[in-house]
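Subject: Handing over the model

Hello,

Here is the structure I promised to pass on. Please have a look at it first, and then read my notes below.

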Amino acid sequence: MFVSNEERAPPLATATAAPQINKQSLSLRCAFSMDAFQGILKFFFNQKTVIGYSFMALLTLGSERLFSLVAFKCPCSTENVVYGLVFLFAPAWVLLILGFFLNSKFWRLFTGCCVNPRKIFAKGHSCRFVYVLGQIALSSLVAPTMWLSVALLNGTFYECAMSGTKSSRLLGLICKDKPQECWDELYKVSCGKTSMTPADNEEVKLSLQAQSQILGWFIICSASFFSLLTTCCARCRSKVSYLQLSFWKTYTQKEKEQLENTFLEYANKLSERNVKCFFEKKRPDVLPMPTFAAWEAASKLHSFHQSQQHYSTLHRVVEDGLDLGPEDDETTMVLVGTAHSV
C-alpha cells in the first residue's frame with residue numbers, strides 16, 4: 001500500500017518531541033526540588049530557636065554523660081559533699097558566664113559605660129538598666145538550667161554529694177528504718193563499700209537517686225512555667241500587634257544580615273584603598289563612612305514608640321538624622337525592644 005509523506009510525518013514528529021518532553025519533565029523536577037529545598041530552609045529558619053534549644057539540650061546531655069563516665073570519680077570520703085557539689089554547680093556557673101559573654105546585648109549595654117556612666121544610669125531612666133540586664137540574665141540562664149536538670153535526672157553527682165552529709169536531719173531522712181551502719185558509713189554508699197547488706201546499700205542509693213530526679217523534674221517544670229509566664233507577660237504588655245511583631249522580627253533579621261554584609265564590603269574597600277595608597281604612595285580617595293556620633297547613636301539599644309514606629313536604632317537614626325545635642329548624646333539610653341536581637 002502506498003503511504004503518503006503526510007502519514008509518515010507523525011512518527012518523526014513524535015521522535016523529535018520526545019527530548020523536549022524529557023527536558024520539560026527535568027525542568028519541572030528541578031523546579032520542584034528547588035521549591036522543596038527552599039521550603040526546608042524556610043522551616044529551619046522559622047524554627048531556629050527551637051532547633052537551637054534542642055541542640056543545646058543534646059549537647060548538655062552528652063557533656064553530662066561524658067563528665068559522669070570519664071571525669072567523675074566519687075572519693076567516698078568526707079569530701080563527698082564538696083566534690084559532688086562542684087561537679088553539679090561548677091559547669092552551670094561556667095555556662096552562665098559564657099551566656100553573658102556571648103550575648104551581644106550585654107556588650108551593647110556595657111560598651112563605653114566606664115567612660116560615660118550616663119549611658120547606663122541615664123537621668124530619669126535608671127530602672128531601664130535593671131530591666132535590660134534582667135532580660136540578658138534570663139536568656140543566659142537557659143544553658144545552666146539545662147545542665148542542672150540533666151545532672152539531677154542522672155543522679156550521680158547528687159548521690160555523691162548527699163552521701164557525705166553530716167546533717168542529722170538529712171541523715172534521719174536518708175537512713176530512716178535503716179541499720180546503724182547507714183548513719184556511720186553513708187559516705188561509702190556510692191562505692192558500695194559499706195558494712196550493710198547489698199540490698200540495703202542498693203536501697204539507699206536508689207533513694208538518693210530518686211531525690212535527685214525529683215529535684216530535676218521540679219527544676220524543669222518550674223523553668224517551663226516561669227518561661228511561659230514571662231513570655232505571656234511580655235506579649236501582654238507588647239506595644240504592637242502580632243502581625244506587626246512578626247514583621248518586626250523579620251525586619252530585624254534582614255537588617256542584621258545587611259549590616260554584616262555591608263561591614264564586610266566596606267572593610268574590604270577601606271583596607272584595599274589603604275594598602276594600595278601605601279604601596280603606590282598616593283593620597284587616598286574619600287570613602288564615605290559614618291561619623292563617630294553616628295556610630296554611637298546606632299549602637300544604642302532600641303525602644304519602640306508607637307508615634308514613630310522605628311523598628312531598630314538604625315532605622316531611627318536614618319529617619320531622624322544625627323541632630324543630637326551634646327547633652328542628649330551623653331545621657332540618652334533607650335530600652336531594648338521585644339524583637340530586637342542585633
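Is C160 buried or exposed? C160 is buried, at a relative accessible area of 1% (buried is under 20% relative accessible area, exposed over 50%, and partly exposed in between, with a 1.4 Å probe and protein chains only).

Two notes on how to read the rest. This is a predicted model, in which local features need pLDDT of at least 70 and side-chain atom pairs count only at pLDDT 80 or more, whereas totals for chains, interfaces and linings use all residues. Residues are numbered from 1 along each chain as its sequence is written, and side-chain values use heavy atoms, with hydrogens and water left out.

Disulfides

Searching the whole structure turned up three disulfides, a disulfide being a pair of cysteine sulfur atoms within 2.5 Å. Taking the bonded cysteines in sequence order, they pair as 1-3, 2-6 and 4-5.

C160 has C74 as its partner, with an S to S distance of 2.1 Å. The link of C74 and C160 is right-handed, with 85 degrees about the S-S bond. C74 sits in the loop between α2 (48-71) and α3 (80-101), while C160 belongs to helix α7 (residues 156-163), so this pair ties together parts that are 86 residues apart in sequence. (Helices are DSSP runs of H or I with at least four residues, strands are runs of E with at least two, and both are numbered from the N terminus.) C74 counts as buried too, at 19% relative accessibility.

Another disulfide joins C76 and C191, whose sulfur atoms are 1.6 Å apart in the model. With 95 degrees about the S-S bond, this link of C76 and C191 is right-handed. C76 lies in the loop between α2 and α3, and C191 in the loop between α9 (180-184) and α10 (198-236), so the pair connects parts 115 residues apart in sequence. C76 is buried at 11% relative accessibility, whereas C191 is partly exposed at 33%.

What is the handedness of the link of C175 and C182? That link is left-handed, with -75 degrees about the S-S bond. The sulfur atoms of C175 and C182 are 2.1 Å apart, and both cysteines are buried.

C232, on the other hand, is in no disulfide: the nearest cysteine sulfur belongs to C233 and is 7.0 Å away. C232 is partly exposed, with a relative accessible area of 43%. C277 is buried, with a relative accessible area of 14%.

Helix α6

How far apart are the end C-alpha atoms of helix α6 (residues 142-154)? They are 19 Å apart, which agrees with the 18 Å that its 13 residues should span at 1.5 Å a residue (the expected span is 1.5 Å times one less than the number of residues). The buried residues of α6 include P144, M146, W147, L148, V150 and L152. Just after α6 comes G155, which takes a positive phi of about 90 degrees.

N201 in helix α10

Finally, please look at N201, which is found in helix α10. N201 is buried, with a relative accessible area of 8%. Leaving aside residues up to four places away in sequence, N201 touches V189, G192, T194 and M196, where contact means heavy atoms within 4.5 Å.
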